[in-house]
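Open the model in your viewer and keep the sequence panel beside it. We will go from stop to stop, selecting as we go.

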Amino acid sequence: MKKKKLLFLRFNLGLIITLITVSVIVLGLGNSHFHSIPPAVAQRISPSDVWRLVYQQLPDLPKQNQYSSKDTGKVAENNTLASRLIRYHIYVKGRSPIYRLDWKLTLADYLDANETIYEASYPGNDSLKQNPLDGDRTTIKKLTRNQRNNLVQTLVDIFNTGNKEQGTGNR
């Protein structure tokens with residue numbers, strides 16, 4: 001009788017420990033925010049405004065803003081290559097805007113060297129008469145490696161400005 005009780009307790013204790021461990025892992029992963037903009041950065045910089053800062057710092061970067069709006073039929077001048085790149089990176093792929101590697105992966109998507117970019121989910125597909133994906137890919141492919149590196153560094157610097165004030169800096 002004592003052996004059965006001891007065996008029963010061992011089994012239940014092991015089961016309880018396993019359930020607690022699984023719960024901690026699942027709940028811990030559910031609360032991670034690896035692919036979101038840190039709150040401090042989100043308060044200071046809106047991704048929809050970053051494209052302007054990119055063109056201020058990189059005036060030679062092609063705007064690719066010749067596409068017409070589906071709604072108005074007029075040229076959507078604020079729908080630029082940089083704005084679509086940022087929206088694709090953050091909202092479509094869910095990548096962090098503060099790390100160079102994440103931006104390099106996004107550029108690799110445009111260069112057909114990483115993940116597939118689907119036309120249906122590409123920024124601008126729903127608001128422009130013509131999907132700008134092919135033109136954006138062509139433009140990014142024409143950039144030199146140095147220009148692409150400057151673009152990545154500019155984006156990382158812009159998104160990290162809020163972090164520098166809090167002492168975290170570039171990572």
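Is N125 buried, partly exposed or exposed? Select N125: its relative accessible area is 25%, so N125 counts as partly exposed (buried is under 20%, exposed over 50%, partly exposed in between, with a 1.4 Å probe and protein chains only).

Before moving on, some ground rules. This is a predicted model, where local features need pLDDT of at least 70 and side-chain atom pairs count only at pLDDT 80 or more, while totals for chains, interfaces and linings use all residues. Residues are numbered from 1 along each chain as its sequence is written, and side-chain values use heavy atoms, with hydrogens and water left out.

**Stop 1: around N125**

N125 lies in the loop between α5 and α6. (Helices are DSSP runs of H or I, at least four residues, numbered from the N terminus.) Show its side chain. It reaches the backbone oxygen of A120 at 3.2 Å. The N125 side chain also makes a polar contact with the side chain of N131, at 3.1 Å (a pair of N or O atoms within 3.5 Å, one able to donate a hydrogen and the other to accept it; residues adjacent in sequence count only if both atoms are side-chain atoms). K70 is 55 residues from N125 in sequence, and the C-alpha atoms are 9.6 Å apart.

**Stop 2: α5 against α6**

Select α5 and residues 133–142, which form α6. Their axes come within 9 Å and cross at roughly 115° (axes are lines fitted to C-alpha atoms over the stretch in contact; angles run from 0 to 180 degrees between N-to-C directions). That makes the two helices, α5 and α6, roughly perpendicular (65 to 115 degrees). Colour L107, D109 and Y110 in α5, then D136, R137, I140 and K141 in α6: these residues meet.

**Stop 3: α4 against α5**

Select α4, residues 81–92, and α5, residues 100–110. Here the angle is about 110°, and the axes are 10 Å apart. On the α4 side, the contact (heavy atoms within 4.5 Å) uses R84, L85, I86, Y88 and H89. On the α5 side, look for D102, W103, T106, L107, D109 and Y110.

Stay on α4. Nine of its 12 residues are buried, including L81, S83 and I90.

**Stop 4: T80**

Step back to T80, in the loop between α3 (47–57) and α4. T80 counts as buried because its relative accessibility is 0%. Leaving aside neighbours within four places in sequence, T80 is in contact with W51, Y55, K63, Q64 and N65.

Notes:
Parallel < 35°, antiparallel > 145°, perpendicular 65-115°, else oblique.
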